[in-house]
Amino acid sequence: MRTIKQCIVVMVCMNFLTLANAQEKDTTQRKAWPFGPVVPAQISFAPGVGTNGRQVLDIRGVSFNVLGGKNNSVTGFEFAGLFNVDQKNVAYTQVAGLFNTVGGNVMGAQVAGLFNTVGDSVIGAQVGGLFNTVNKKVRGAQVAGLFNMVGDSVIGIQVAGLYNNVAKSVIGSQVGGLTNIVNGNVAGFQVGGLVNKVQGKVTGMTVAGLFNSTKEVEGLQVAGLVNHTKKLKGVQIGLINIADTSEGCSIGLINIAKNGFYQFSLYANESNSVNVAFRSGTKNFYGILLGGANPSDNKKLYTFGAGFGGAVKLAHNISINPEITSQYMYTGDWQYTNLLQKLSANFNFTVAKGLTLYAGPSFSLYYTDQHTDVKDYKQAMPSYGVMHWWDNTYAWFGWTVGVSFF
């Protein structure tokens, strides 16, 4: 009897030690992976219908969901015919036919036929057929058929068929089919099919089909219609360029800057007796809009065009202004192509503030396919010194005399 009692005591002690050891191992495991029980793989038909039942577990290995599945986290590979839902983090690869929803971070590749939503950050590549939303940061590549929305910053590449919206800054490349909106700075390359709007500074290049707006540009700003920046340290290229302050160069038909250069001129040359020009930009580089007419009853000629130039200061009130212009010459019939390219070098003498007299030589290159005159109109070529270079191309030296205001 005594022997039996001793055996029972030994068995109880062994069970107690085994249970304590198991609890210690479980505690150690939970410290290493604090999100819950860990399994190497799971297969689900739908959430709650699979090898894990209704348990929401951590997967270290493979998660395969026929329609959809729900896990606490996945480290490895996860696939779903329709959707994946993960409460915490996903690492390495996640693919879904429709959508992926992750409450924490994604590290690796995330691909969905429709959309991806991430509660924290993405490090790697994210591809959504329609859209991607990330509450915090993106480090890598983000591509969406329609739009991307990021609650913090992007470092890498961001591409969307319609628009990108970033709450803070972008470092890298950003391409939007229609619009890019960045509430911070952009350092790198930005392209918008229609509009780019940056609340901070652009360092690099920003290109838009219609309109660019930014607080500061240090680099190149290009738009099909309008560029606007508060501070320019670089180059603007567009039909209309607006800069509150400019330490760079604006190339366009109309260039507006608070500290800019604006000038209105009346002048005559060897082709027209009356011409007008408007110059805008900076003294170092400005755009020109010009037009002219020869109002004679039987020798009419009308011109319009654009160009650019700059002032080189020679003395206190004297400068020379090299200019290049291109004009269409209307000689009585629109069916003809009459194009005049002119290089001028005008010497400017400032008589008083807002009043400048100027004169100088010019060289013209003229293309025309009109070989007969229209009644009461004349050709653009002067009556002297015309050189016939090719079949329809002529050249000559000319002159300009005028007065400028402002």
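Tutor: Start with the terms for exposure. A residue is buried under 20% relative accessible area and exposed over 50%; partly exposed is the range in between. The model is predicted. Now apply the cut-offs. Lys-201 has 26% relative accessibility, so this residue counts as partly exposed. Glu-218, at 34%, is partly exposed too.

These two residues belong together. Lys-201 forms a salt bridge with Glu-218, and the closest N and O atoms are 2.8 Å apart. The pair links distant parts of the chain: Lys-201 sits in strand S20 (residues 195-208) and Glu-218 in strand S21 (residues 211-223), 17 residues apart.

The structure holds five salt bridges. Another one joins Lys-136 and Asp-120, with 3.6 Å between the closest N and O atoms. Here both partners are in loops. Lys-136 is in the loop between strand S12 (131-134) and strand S13 (138-144), Asp-120 in the loop between strand S10 (115-118) and strand S11 (122-128), and 16 residues separate them.

Asp-152 touches Lys-136, and its other contacts include Asn-135, Lys-137, Val-166 and Ser-169. Asp-152 lies in the loop between strand S14 (147-150) and strand S15 (154-160). Its relative accessible area is 14%, so Asp-152 is buried. The side chain of Asp-152 makes a polar contact with the side chain of Ser-153, at 3.0 Å.

Now a salt bridge with another setting. Lys-342 and Glu-270 meet through their side chains, 3.2 Å from N to O. Lys-342 lies in strand S33 (residues 338-352) and Glu-270 in the loop between S27 and strand S28 (274-281), so this pair ties together parts 72 residues apart in sequence. Both Lys-342 and Glu-270 are buried.

One lysine takes us to the rings. Lys-300 lies over the face of Tyr-377, 5.0 Å from the ring centre.

The structure holds 17 aromatic pairs. In one of them, the ring centres of Phe-261 and Tyr-286 are 5.3 Å apart and the planes stand at 40 degrees, so the pair is tilted. Phe-261 is in strand S27 (residues 261-269) and Tyr-286 in strand S29 (residues 286-294), 25 residues apart. Phe-261 has 11% relative accessibility, so Phe-261 counts as buried. Tyr-286 is buried at 0%.

Next come Tyr-366 and Trp-396. Their ring centres are 5.9 Å apart and their planes are at 65 degrees, so the pair is edge-to-face. Tyr-366 lies in strand S34 (residues 355-368) and Trp-396 in strand S36 (residues 393-405), so the pair ties together parts that are 30 residues apart in sequence. Tyr-366 is buried at 0% relative accessibility. Trp-396 is buried, with a relative accessible area of 0%.

Finally, a group of rings. Phe-83, Phe-99, Phe-115, Phe-131, Phe-147 and Tyr-163 form one aromatic cluster.

Notes:
Residues numbered from 1 in each chain as written. Predicted model: local features only at pLDDT ≥ 70, side-chain atom pairs only at ≥ 80, totals over all residues. Heavy atoms only, no water. Helix = DSSP H or I, 4+ residues; strand = E, 2+ residues; numbered from the N terminus. Buried < 20%, exposed > 50% of the residue type's maximum accessible area, 1.4 Å probe, protein only. Polar contact = N/O pair within 3.5 Å; in protein donor to acceptor, adjacent residues only side chain to side chain. Contact = heavy atoms within 4.5 Å. Phe/Tyr/Trp six-rings, centres within 6.5 Å; stacked < 30°, edge-to-face > 60°. Lys NZ or Arg CZ within 6 Å of the ring centre and 35° of its normal. Salt bridge = Lys/Arg side-chain N within 4 Å of Asp/Glu carboxyl O. Lists of a residue's contacts leave out its neighbours within four places in sequence.
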